[in-house]
Amino acid sequence: MFIGENVKLSHYHDSDGENFASWQWDTDFVNPLSMDMIHPFTAQDWENIFRKASKSNEFVEFTVRKVIDDSLIGFVSLFDFNIRNHSCELGIGFPKKEDRSKGYGQETLNLILDYAFNNLNMHKVKLSVYPFNIGAIKAYTKAGFVKEATLKDEVFYDGKWVDVDYYAIFQNDWSTNK
């Protein structure tokens, strides 16, 4: 369920917080992740995020690791669960530039969507993305996400106002395409 050909979804390991704390200073990684203030997290902060998620029914956090050597390359999360309507939001990130554009994101999306739809019985998984994040949008649409809306001038980013696009995928569409 959590293991693909090249990546696997895993739990937090003791040294992960230190890695995330150092990687968060890459603006190409951190700026597109948050539409709000960016907080400088310590290794302990990162650990707390994952530890809290391990005991929560409100959000799920996985680390993403290479199958070949178990090295940490990213994270993926499901959050803002709406139990009545069987929906949630997805967040994903690969902090190191050398781990991007290698297909890891695509494989991670397939693993987390399998979990969301086949284990959590979600009906809809949503996400938001900046329109200029072309690599992420390619991965999302390849996984089956469809653009639902654009909010104009939604975020002040890098000195200017930018739009935010909202994408979603439905359980029956994902199952049909598998």
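Select residues 87–93, strand β4: 6 of the 7 residues are buried, so the strand is largely enclosed by the rest of the structure. Buried means under 20% relative accessible area with a 1.4 Å probe, protein chains only. Strands here are DSSP runs of E with at least two residues, helices are runs of H or I with at least four, and both are numbered from the N terminus.

This is a predicted model: local features need pLDDT of at least 70, side-chain atom pairs count only at pLDDT 80 or more, and totals for chains, interfaces and linings use all residues. Residues are numbered from 1 along each chain as its sequence is written, and side-chain values use heavy atoms, leaving out hydrogens and water.

**Stop 1: the partners of β4**

β3 and β4 run antiparallel, joined by 6 bridges. Two strands pair if DSSP finds at least two bridges between them. Find Val-76; Ile-92 in β4 stands opposite. Now go to the turn. β3 and β4 form a hairpin with 4 residues between them. His-86 in that turn has a positive phi of about 55°.

Next, select residues 124–129, strand β5. Here the pairing with β4 is parallel, with 3 bridges. Cys-88 faces Val-125 in β5.

**Stop 2: α1 and α3**

Select helix α1 (residues 16–23) and helix α3 (residues 43–53). Their axes come within 7 Å and cross at roughly 120°. Axes are lines fitted to C-alpha atoms, for helices over the stretch in contact, and angles run from 0 to 180 degrees between N-to-C directions. That angle makes α1 oblique to α3. Under 35 degrees counts as roughly parallel, over 145 as roughly antiparallel, 65 to 115 as roughly perpendicular, and the rest as oblique.

Show side chains. Gly-17, Glu-18, Phe-20 and Ala-21 of α1 meet Ala-43, Trp-46 and Phe-50 of α3; contact means heavy atoms within 4.5 Å. By class, the contact has 5 nonpolar, 1 polar and 1 charged residues. Ala, Val, Leu, Ile, Met, Phe, Trp, Tyr, Cys and Pro count as nonpolar, Asp, Glu, Lys and Arg as charged, and the others, Gly among them, as polar.

**Stop 3: α4 and α5**

Move to helix α4 (residues 104–118) and helix α5 (residues 134–143). They pack at about 45°, with axes 9 Å apart. α4 and α5 are therefore oblique to each other. From α4, pick Gln-106, Leu-109 and Leu-113; from α5, pick Lys-138, Ala-139, Tyr-140, Lys-142 and Ala-143. These make the contact. Its residues divide into 5 nonpolar, 1 polar and 2 charged.

Conventions. Buried < 20%, exposed > 50% of the residue type's maximum accessible area, 1.4 Å probe, protein only.
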